[in-house]
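Here's a quick tour of a model, with the cut-offs spelled out along the way. Have the viewer open while you read.

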Amino acid sequence: MKIIAHRGYSGLYPENTMLSFQKAVEAGCDEIELDVQLTKDNVLVIIHDESIKRTTDGEGLVRKYTFAELQKFNAAELQKKEFDFLPIPSFEEYLAWVKTTNVTTNIELKNSKFYYTNLEKKVIDLLTSYEMLDKVMFSSFNHLSMAKCKQLAPEVPCGILTEREIGNAGYYAKSNGMECYHPDITKLTTTVVNNCKKHGILVNAWTVNDMGHLKKLYDWGLSGAITNYPDVCKAFIEKIEG
Ligand code: G3P
Ligand code: MG
């Protein structure tokens, strides 16, 4: 089972920063999950919320700032006070770094509240220029955006993210050309797991910080666990497997 670091090693380090990604690799994760959005001047940046208020010392919408303006805000202080200044990373900075590691990336396109025009194409173009299309997957709560990614880069696996249970999830994902289903662990049932298996859809659940949840996923034979604590999950799985 893949251990996927949610926003990097976000349990101990400021989420979606280069530090949290580096620490996730050191913690032995198989994959990093991160969230991408676009700035006012069309630079791909890694940040979860549409506003910078929760995770930085600034406020306002990501899309209202240029990349240069965003760089002045600290993504460390409000989240975890013990760290020095950490900027919001560009997706390009991330790619240049992750290319030197052996982890894959689950790129979540954050385009449900605001639809960023051509977000899909910009992400795919950058991945193409870094020759990284075979090292990533896409996911989004915006399923139309996933359909668009599939159209532009059919070889890259895509995942349906959902907060609510979709009863016929496997069929829904398969019939929309998707490879994966990414449910909230607290709402996942065996019915859904079996439906996904029947249709050959891989399931990666979030956010798996509780070892009871992780054991359940392991017993169900799921593809991956998206967690804030990658080393804890890795150690737990290694213990089960002896
Ligand atoms: O990819 C799983 C997870 O990241 C989805 O929720 O809100 O943390 O992006 P969120
Ligand atoms: Mg996410």
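## Helix 1 and its cover

Which residues of helix 1 (residues 18-26) are buried? Met-18, Ser-20, Phe-21, Lys-23 and Ala-24 are. Buried here takes 20 or more other C-beta atoms within 10 Å of a residue's own, exposed takes 12 or fewer, and partly exposed is in between, with C-beta atoms placed from the backbone. Helices (H or I, at least four residues) and strands (E, at least two) are DSSP runs, numbered from the N terminus.

The cover over those buried residues includes strand 1 (2-6), strand 2 (31-38), helix 3 (91-98) and helix 9 (230-241). Just after helix 1 comes Gly-28, with a positive phi of about 90 degrees.

## Ground rules

This is a predicted model, so to speak of local features takes pLDDT of at least 70, side-chain atom pairs count only at pLDDT 80 or more, and totals for chains, interfaces and linings use all residues. Residues are numbered from 1 along each chain as its sequence is written, while chains are lettered from A and ligands numbered from 1 in the order in which they are written.

## The whole chain

The protein chain has nine helices and nine strands. Its radius of gyration is 17 Å, close to the 18 Å that the globule rule gives for 242 residues, so the chain is as compact as a globular protein of that length. That radius is taken over C-alpha atoms, and the rule is 2.2 Å times the number of residues to the power 0.38. Along the principal axes, the C-alpha trace spans about 50 × 40 × 30 Å.

Buried residues account for 45% of the 242. Of the contacts between residues at least 6 apart in sequence, 53% join residues at least 24 apart; a contact means C-beta atoms, placed from the backbone, within 7 Å.

## The nonpolar core

In soluble globular proteins, nonpolar side chains tend to be buried together. Here the largest nonpolar core has 69 residues, and Ala-205 and Ala-225 have the most contacts inside it. Such a core is a set of buried Ala, Val, Leu, Ile, Met, Phe, Trp, Tyr and Cys residues joined through C-beta atoms within 7 Å.

What does Ala-225 touch, leaving aside its neighbours within four places in sequence? The partners are Met-1, Ile-3, Ile-4, Ala-205, Val-208, Leu-214, Leu-217 and Cys-233.

## Around ligand 1

The shell around ligand 1 is His-6, Glu-33, Asp-35, His-48, Glu-108, Ser-139, Leu-161, His-182, Trp-206 and Ile-226. To be near the ligand, a residue needs its C-beta atom, placed from the backbone, within 6 Å of it. The shell divides into three nonpolar, four polar and three charged residues.

Most residues other than glycine have a negative phi, and most peptide bonds are trans. The peptide bond from Trp-206 to Thr-207 is cis, with omega near -20 degrees. Thr-207 sits in the loop between strand 8 (202-206) and helix 8 (211-220).

Asn-118 isn't a glycine, yet has a positive phi of about 65 degrees. You'll find Asn-118 in the loop between strand 4 (104-109) and helix 4 (119-129), where it is exposed, with 12 other C-beta atoms within 10 Å. Glu-131 also has a positive phi, near 50 degrees, and lies in the loop between helix 4 and strand 5 (136-140).

Definitions and conventions. Nonpolar A, V, L, I, M, F, W, Y, C, P; charged D, E, K, R; others polar. Contact = placed C-beta atoms within 7 Å.
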